[in-house]
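Biologist: Could you take me through this structure?
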Amino acid sequence: MPSNRLQVGMCFDRTFPPSFVTEIARSLDHGGAGQLWVIEDCFFTSGPSLAAAALSVTERLTVGIGILPAVVRTAAVTAMEIATLYGLGPGRVLPGIGHGVQPWMGQMGVRPASPVTALEEVMVAVTRLLAGEEVTSHGHYVQLDAVQLDQPPADPPPLLAGVRGPRSLAMAGRAAGGLVLAEPAGASYVRWSLEQAGRSADDFHVAVFGVVCVAKERSEAYRTMAPWLGRQLDHPTPSLTTLPFYDDLAARYASKGIDGLATVPPEWWIEMAPVGTMDDAAAHLRSLEDAGVRSVGLYPIPDVDAARAQVADVLELAAR
């Protein structure tokens, strides 16, 4: 598994065609990037299938899964999927499990009455199964009768919780081996999340996602990303509300709209995302590393040709 040094990679957007994953994986692997994160959202592409394809064509690349909805598969099947991936790429798998978007869970008839309880039961059961234990469980959501994997990982990967709110983060501190924090995830949000989890980054693997936009001039990158930031501010989450300048940012957006976001101070963008010049993006990554982050998945523009071009930016940031 990756060392405590920050590992930088790319996210595979949920809208990309499955066949594109092998090209991206090879490019990242040959170029020296640390990771590829495949995204499983309902009803797009399957995380384990994409991860298997990426692992099969690479030698060094770690493949993260962000994230498997806890209740879509049974805990036993989720553990089987992760163990199989580990067998394809020993030491190169970082699995994440989360609540899943609850309306999507409802569409499939699996929406739990208590998403936090459901995720905790699944995290505990999958962790024990990956450790090679025989597991019997009679929980609210996980029912197992003497289940044991035939081929558990020799060195199980940390099971990461893709969560956001205080209750879920506290649960992750009890039951998970780390966190997957969705974009935008800056250093302030990372530190807040670790506090809510009651854990130290020294023994808790923190992975974060960010939307990357690098340009020769800051103003170009800011204009490109201002509408994205506006959409985040329309529905703010702790990843924004924990920013030390959130009130000023929200006030600027309320009074000046998208134009106001395109002219925020560079230090604000550096805190929020790898946006600006290459040096700005690198400074953002350094701040994440200082906060204890070990893995970063960078979202490209959700277009195949644009993403192909942005691989070079990801490789340069990984090399730094």
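Modeller: The following covers the fold and then the packing inside.
This is a predicted model, where local features need pLDDT of at least 70, side-chain atom pairs count only at pLDDT 80 or more, and totals for chains, interfaces and linings use all residues. Residues are numbered from 1 along each chain as its sequence is written, and side-chain values use heavy atoms, with hydrogens and water left out.

Biologist: How many helices and strands are there in the protein chain?
Modeller: The protein chain has 13 helices and 12 strands, taken as DSSP runs (helices H or I, at least four residues; strands E, at least two) numbered from the N terminus.

Biologist: How much of the chain is buried?
Modeller: Of its 320 residues, 56% count as buried, meaning under 20% relative accessible area with a 1.4 Å probe, protein chains only.

Biologist: Which residues touch the most other members of the largest nonpolar core?
Modeller: They are L28, L36, V38, I97, V126, V190 and V208, in a core of 83 residues. Such a core is a set of buried Ala, Val, Leu, Ile, Met, Phe, Trp, Tyr and Cys residues joined through side-chain atoms within 4.5 Å. Helix 5 (residues 115-130) gives the most to this core, with nine residues. A second, separate core of 33 residues includes C11, I39, Y246 and Y253.

Biologist: And what is I97 in contact with?
Modeller: Leaving aside neighbours within four places in sequence, the contacts of I97 (heavy atoms within 4.5 Å) include L119, V122, M123 and V126.

Biologist: Changing topic, how many charged side chains are there?
Modeller: There are 23 positive (Lys and Arg) and 34 negative (Asp and Glu) side chains, His and the chain ends not being counted.

Note on methods:
Buried < 20%, exposed > 50% of the residue type's maximum accessible area, 1.4 Å probe, protein only. Charge placed at Lys NZ, Arg CZ, Asp CG, Glu CD.
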